[in-house]
Amino acid sequence: MNSKEITIKESIDKIYSLPKAEAELLINSFTKVDLPAKSVIFKNGQISDKLYFISKGCLRSYYNLKDQEVT
């Protein structure tokens, strides 16, 4: 399976078409970070101060319940 990399602009346009200046301002506020598979973005109890946009691949979110991971 070959996943297509989607841009932030494409994702935003699916929801709402922003004026060009506002779209550029929003898009330019992101910093691209490439992470290897199975990277931990933040840990249990940690509060993130970032907004993430997944352009390619997937993300798994889970919590622990009675020593079991619930996805």
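## Overall architecture

Among the contacts in the chain with a separation of 6 or more, 34% are accounted for by residues 24 or more positions apart. The model discussed here is a predicted one.

The chain contains two helices and two strands. Read from the N terminus, these elements follow the order α-α-β-β. The radius of gyration of the chain is 16 Å, well over the 11 Å that the globule rule gives for 71 residues, so the chain is more spread out than a compact globule. Along the principal axes, the C-alpha atoms fill a box of roughly 50 × 35 × 20 Å.

How much of the chain is buried? Buried residues make up 4% of the 71 residues; a residue is placed in this class when its relative accessible area is under 20%. The chain exposes about 7100 Å², and carbon and sulfur atoms supply 55% of that area.

## Salt bridges

Side chains of opposite charge can pair when their charged atoms come close.

How many salt bridges does a search of the whole structure find? The search finds three, and they are listed in the table below.

| Salt bridge | N to O distance | Relative accessibility of each residue |
|---|---|---|
| D13 and K9 | 2.9 Å | D13 35%, K9 37% |
| K50 and D49 | 3.3 Å | K50 55%, D49 68% |
| R60 and E69 | 2.9 Å | R60 45%, E69 46% |

The pair D13 and K9 belongs to helix α1, which covers residues 8–15. Because D13 and K9 are four residues apart in this helix, about one helical turn separates them. D13 counts as partly exposed, and K9 is partly exposed as well.

The salt bridge between K50 and D49 has an N to O distance of 3.3 Å. The side chains of these two residues are also joined by a polar contact of 3.3 Å. Is K50 buried or exposed? K50 has a relative accessible area of 55%, and the cut-off for an exposed residue is over 50%, so K50 counts as exposed. D49, at 68% relative accessibility, is likewise exposed.

In the salt bridge between R60 and E69, the closest N and O atoms are 2.9 Å apart. R60 is partly exposed, with a relative accessible area of 45%. E69 is also partly exposed, at 46% relative accessibility.

## The loop between α2 and β1

Where does K50 lie? K50 is located in the loop that connects α2 (20–28) with β1 (63–65). The C-alpha atom of K50 is separated by 17 Å from that of L25, and the two residues are 25 residues apart along the chain.

D34 lies in the loop between α2 and β1. With a relative accessible area of 64%, D34 is exposed. D34 and K56 are 22 residues apart along the chain, and 9.8 Å separates their C-alpha atoms.

F42 is found in the loop between α2 and β1 too. Its relative accessibility is 41%, so F42 counts as partly exposed. Which residues form a nonpolar patch on the surface with F42? The patch consists of F42, Y52, I54 and L59, which together have about 380 Å² of accessible area.

Most residues other than glycine have a negative phi.

K66 is not a glycine, although its phi is positive, at about 55°. This residue is found in the loop between β1 and β2 (68–70). K66 is exposed, with a relative accessible area of 76%.

D67 is found in the loop between β1 and β2 as well. D67 also has a positive phi, of about 65°, although it is not a glycine. At a relative accessible area of 81%, D67 is exposed.

Notes
Residues are numbered from 1 along each chain as its sequence is written. This is a predicted model: local features need pLDDT of at least 70, side-chain atom pairs count only at pLDDT 80 or more; totals for chains, interfaces and linings use all residues. Side-chain values use heavy atoms; hydrogens and water are left out. Buried means under 20% relative accessible area, exposed over 50%, partly exposed in between (1.4 Å probe, protein chains only). A polar contact is a pair of N or O atoms within 3.5 Å; within protein, one must be able to donate a hydrogen and the other to accept it, and residues adjacent in sequence count only if both atoms are side-chain atoms. Patches are made of residues with over 30% relative accessible area and no salt bridge: like charges are joined within 9 Å, nonpolar side chains (Val, Leu, Ile, Met, Phe, Trp, Tyr) within 5 Å. Accessible areas come from the Shrake-Rupley method with a 1.4 Å probe; for residues, only the protein chains shown count as cover. A salt bridge is a side-chain nitrogen of Lys or Arg within 4 Å of a carboxyl oxygen of Asp or Glu. The radius of gyration is taken over C-alpha atoms; the globule rule is 2.2 Å times the number of residues to the power 0.38. Contact means heavy atoms within 4.5 Å.
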